[in-house]
Amino acid sequence: MSTQSTDRPDEQPEQRPAVELADVCHSFGDLDVLGDVSFSVSPGTVACVVGPNGSGKTTLLRIVADLLEPDAGAISVAGDGGRRVGYLAQQPAFRRQFTVAETVAFYGSLVAERVDVDAILDRVGLSAVAGRRVDALSGGMVRLLGLAQAMVGDPSVLVLDEPANGLDPTMARHLRAVIDDLTADGDAVLLSTHDLHTVDRLADTVLLVDHGELVAAGPPDELLAEADAASLDEAIATLGHGGETAAVSPGLHGGDRP
Ligand code: ADP
């Protein structure tokens with residue numbers, strides 16, 4: 001039984017959000033894409049950003065990954081300074097002539113970290129194709145390679161844009177296992193998805209973005225209760241844009257994915 005004092009909770013790093021946004025706004029020219037978005041993600045948890053196409057999910061993720069400077073608002077990421085954020089782009093692109101293993105080793109050299117390439121490929125389920133050239137990979141394998149790349153350097157925050165897209169059921173299982181491992185290690189994961197199965201399985205928090213606004217945020221159960229809905233897609237349809245189900249993209253209903 002530990003007798004350690006807990007009277008300084010503010011100084012315990014695990015008590016601080018891994019990601020915190022306050023009133024983040026962004027426009028592209030005269031197109032307002034994000035307005036006053038505020039939320040936080042705790043260490044060891046998964047936050048899933050859902051919402052119709054064009055609602056600003058990718059823009060939001062790029063801002064958290066420090067690839068885009070917001071017009072206004074504040075962002076803090078655990079371990080700020082180093083900005084230890086791993087990022088999986090919606091359409092990851094790699095040097096076509098590199099093999100899978102060379103690609104991961106190359107990113108290791110870029111972040112000046114020693115990388116256990118075999119271990120990372122094993123975690124994401126790409127060991128069997130370690131020697132295969134990138135231009136011979138399926139779309140799902142490229143995405144898993146992007147996940148491997150995002151994990152290089154052991155970041156404490158992972159930002160994954162549509163990680164489940166194009167994955168077959170085995171690949172999707174690897175994705176979920178990787179995310180479970182990461183959160184068990186205390187890492188925070190912020191991902192966007194149209195796949196409500198992914199949300200169901202992984203989300204500690206759902207962040208519903210609609211027309212650039214965070215219209216609902218909370219644990220899946222809370223969203224169900226708030227919307228008085230029996231399912232997540234119903235809750236999302238109800239909470240999104242004043243209940244106009246037509247505004248929710250068909251992909252959100254998840255019917256076309258395994
Ligand atoms: P989502 O990921 O939810 O589909 P995005 O963040 O990709 O939404 O896009 C939000 C809006 O911003 C869309 O209208 C999109 O066309 C626009 N947009 C995204 N990136 C740019 C850019 N680089 N320049 C201009 N408009 C952009």
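Mentor: Let us begin with a term: a residue is near a molecule if one of its heavy atoms lies within 4 Å of it. Please also keep in mind that this is a predicted model.

Trainee: By that cut-off, which residues surround the ligand?

Mentor: The cut-off is a distance of 4 Å between a heavy atom of the residue and the molecule. Applied to the ligand, it gives Phe28, Leu31, Val33, Pro52, Asn53, Gly54, Ser55, Gly56, Lys57, Thr58 and Thr59.

Trainee: Which residue has a polar backbone atom 2.7 Å from an oxygen atom of the ligand?

Mentor: A polar contact requires a pair of N or O atoms within 3.5 Å. A backbone N or O atom of Ser55 lies 3.1 Å from an oxygen atom of the ligand, and for a polar backbone atom of Thr58 the distance to a ligand oxygen is 2.8 Å. The residue with the distance of 2.7 Å is Gly54.

Trainee: How much of the ligand's accessible area does the protein cover?

Mentor: On its own, the ligand has 560 Å² of accessible area.

Trainee: Is Thr59, one of the residues around the ligand, buried or exposed?

Mentor: Thr59 belongs to helix H1, which spans residues 57-64. Leaving aside neighbours within four places in sequence, Thr59 touches His26, Phe28, Val33, Leu34 and Leu68. Its relative accessible area is 11% and the limit for burial is 20%, so Thr59 is buried.

Trainee: How far is the C-alpha atom of Leu34 from that of Thr59?

Mentor: Leu34 is part of strand S2, residues 31-41, and counts as buried because its relative accessibility is 4%. Its contacts beyond four places in sequence include Val24, Cys25, Leu60, Ile63 and Thr59. Leu34 and Thr59 are 25 residues apart along the chain, yet their C-alpha atoms are separated by 7.9 Å.

Trainee: Which residues have the most contacts inside the largest nonpolar core?

Mentor: In soluble globular proteins, nonpolar side chains tend to be buried together. Here the largest nonpolar core has 51 residues, and its largest share, eight residues, comes from helix H4, residues 139-151. Apart from this core lies another of 27 residues, including Ala18 and Val64. Within the largest core, the residues with the most contacts are Leu126 and Leu160.

Trainee: Is Pro219 buried, partly exposed or exposed?

Mentor: Pro219 is found in the loop between strand S9 (213-218) and helix H7 (220-227). Beyond four places in sequence, Pro219 is in contact with Asp204 and Thr205. With a relative accessible area of 31%, which falls between 20% and 50%, Pro219 is therefore partly exposed.

Trainee: What percentage of the residues in the chain is buried?

Mentor: The chain has eight helices and nine strands. Its accessible surface comes to about 12,500 Å², of which 46% belongs to carbon and sulfur atoms. Among the 258 residues of the chain, the buried share is 47%.

Terms used. Residues are numbered from 1 along each chain as its sequence is written. This is a predicted model: local features need pLDDT of at least 70, side-chain atom pairs count only at pLDDT 80 or more; totals for chains, interfaces and linings use all residues. Side-chain values use heavy atoms; hydrogens and water are left out. A nonpolar core is a set of buried Ala, Val, Leu, Ile, Met, Phe, Trp, Tyr and Cys residues joined through side-chain atoms within 4.5 Å. Buried means under 20% relative accessible area, exposed over 50%, partly exposed in between (1.4 Å probe, protein chains only). Helices (H or I, at least four residues) and strands (E, at least two) are DSSP runs, numbered from the N terminus. Contact means heavy atoms within 4.5 Å. A polar contact is a pair of N or O atoms within 3.5 Å; within protein, one must be able to donate a hydrogen and the other to accept it, and residues adjacent in sequence count only if both atoms are side-chain atoms. Accessible areas come from the Shrake-Rupley method with a 1.4 Å probe; for residues, only the protein chains shown count as cover.
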